[in-house]
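Biologist: Could we go through the ligand site together? Please begin with what surrounds the ligand.

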Amino acid sequence: MTPLIASFLNSSPATPCLVLDLDVVAQNFAALRRALPDAAIYYAVKANPAVPILRLLTARGSSFDAASLPEIEACLAAGAAPDMISFGNTVKKPSAIQAAFALGVPLYAFDSIEELQKLGLHAPGARVYCRIAVSNAGAEWPLSNKFGTTIARARELMMLAPSLGLQPHGLSFHVGSQQTGTAAYEAAIGQVAMLFTDLKTQGLDLRMLNLGGGFPVRYQDDVPGTDEFGAAIMAAMVRHFGNDLPAILIEPGRAMVGNAGVIAAEAVLVCRRIEADPRRWVYLDIGRFGGLAETEGEAIRYRITAGPGATGPVVLAGPSCDGVDVMYEKTPYELPLDLCAGGRVLIHDAGAYVTSYASQNFNGFAPLAEHYL
Ligand SMILES: *Cc1c(COP(=O)(O)O)cnc(C)c1O
């Protein structure tokens, strides 16, 4: 936690709330740029679409990966130029494509013939890139089950794009979010490089490779640093593309904002509910529906603290009347033995995928409050 966040928390803001230090976002942007100086950075807006973050990144020259028309509009309102935006969702309403194209957004993702046809109709002449499904092994929040096509199908679709009035611009993949190893990028780069070569011999010269996001945050376990990812990625690019490097895009979401924010919460109830369970149940004023959606399957395991003192095992649950609103039951968590109702609990490195996941008034609870410092 940064001194700025600590001093803000001393003023005892109402909980639950996310407190985020924008300086850390600026540092993360600089670190990514340093690690991959040859890549254009497209911040994945969905990770945290707060206006101060979009403004800061715009001012620093970031581009944006938007998933919807409202995200595109938010980037434009924050000062981004339309040509700094990629419409990266492979699932888009025709009306959204049309509106984005009219606003000047130049770049569109797809992974099916049906979506490519939509783009041909509603964004004539646009640059398009095909998303490939690659292994998400090593990712704690995988994405490959829902997105991406095969190399063989991508080849067909890229060859088809010109006849639909589109510019076949490049390829993309996503190695899964909270990707804890560099090997997934290296393998994926090798795979798509072969398709670049193959298409080139067919007369189709692709210009761009979008490496997606995935760069991890250090929650409880060590992860490779940004520099390590950068070095591994560039080595793989040079190994597979030689002197013929395409334009490189990265779309970091989590790594841009995750470690910049802390959630302050309050223990609403600390109890031993079942005699046979040696663990205390700690019910917080934030849960699965208040923004901690990534605790589903206990996939993302935040570092959670509640002051000093000897600790003992706990189960962590949210405040709602829903049975799935339990964050951690299998993962061992410990909190101070003297924690009781009213005590403050901090959820660290929670700047990504929290506010944007909070429900609207489930059980009457307001969406998560946000403070940007
Ligand atoms: C979610 C998403 C990202 C961001 O992923 P992180 O793992 O948060 O870096 C990047 N690109 C696309 C297309 C996405 O859907």
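**The ligand and its pocket**

Modeller: This is a predicted model. By class, the shell around the ligand comprises three nonpolar, five polar and five charged residues.

Biologist: Which residues come nearest to the ligand?

Modeller: Of the 13 residues around the ligand, the nearest are Lys46, Ser177, Glu251, Arg254 and Tyr353.

Biologist: What does Glu251 do at the level of atoms?

Modeller: One of the polar side-chain atoms of Glu251 lies 2.6 Å from a nitrogen atom of the ligand.

Biologist: And where do backbone atoms of Gly214 and Gly253 come in?

Modeller: A backbone N or O atom of Gly214 is placed 2.9 Å from an oxygen atom of the ligand. For Gly253, a backbone N or O atom likewise lies 2.9 Å from a ligand oxygen atom.

Biologist: How much of the ligand does the protein bury?

Modeller: The protein buries 92% of the 390 Å² that the ligand exposes when taken alone.

Biologist: How does the lining of the largest pocket divide by class?

Modeller: The lining has 14 nonpolar, 13 polar and eight charged residues.

Notes. Residues are numbered from 1 along each chain as its sequence is written. This is a predicted model: local features need pLDDT of at least 70, side-chain atom pairs count only at pLDDT 80 or more; totals for chains, interfaces and linings use all residues. Side-chain values use heavy atoms; hydrogens and water are left out. A residue is near a molecule or strand if one of its heavy atoms lies within 4 Å of it. A polar contact is a pair of N or O atoms within 3.5 Å; within protein, one must be able to donate a hydrogen and the other to accept it, and residues adjacent in sequence count only if both atoms are side-chain atoms. Accessible areas come from the Shrake-Rupley method with a 1.4 Å probe; for residues, only the protein chains shown count as cover. Ala, Val, Leu, Ile, Met, Phe, Trp, Tyr, Cys and Pro count as nonpolar, Asp, Glu, Lys and Arg as charged, and the others, Gly among them, as polar.
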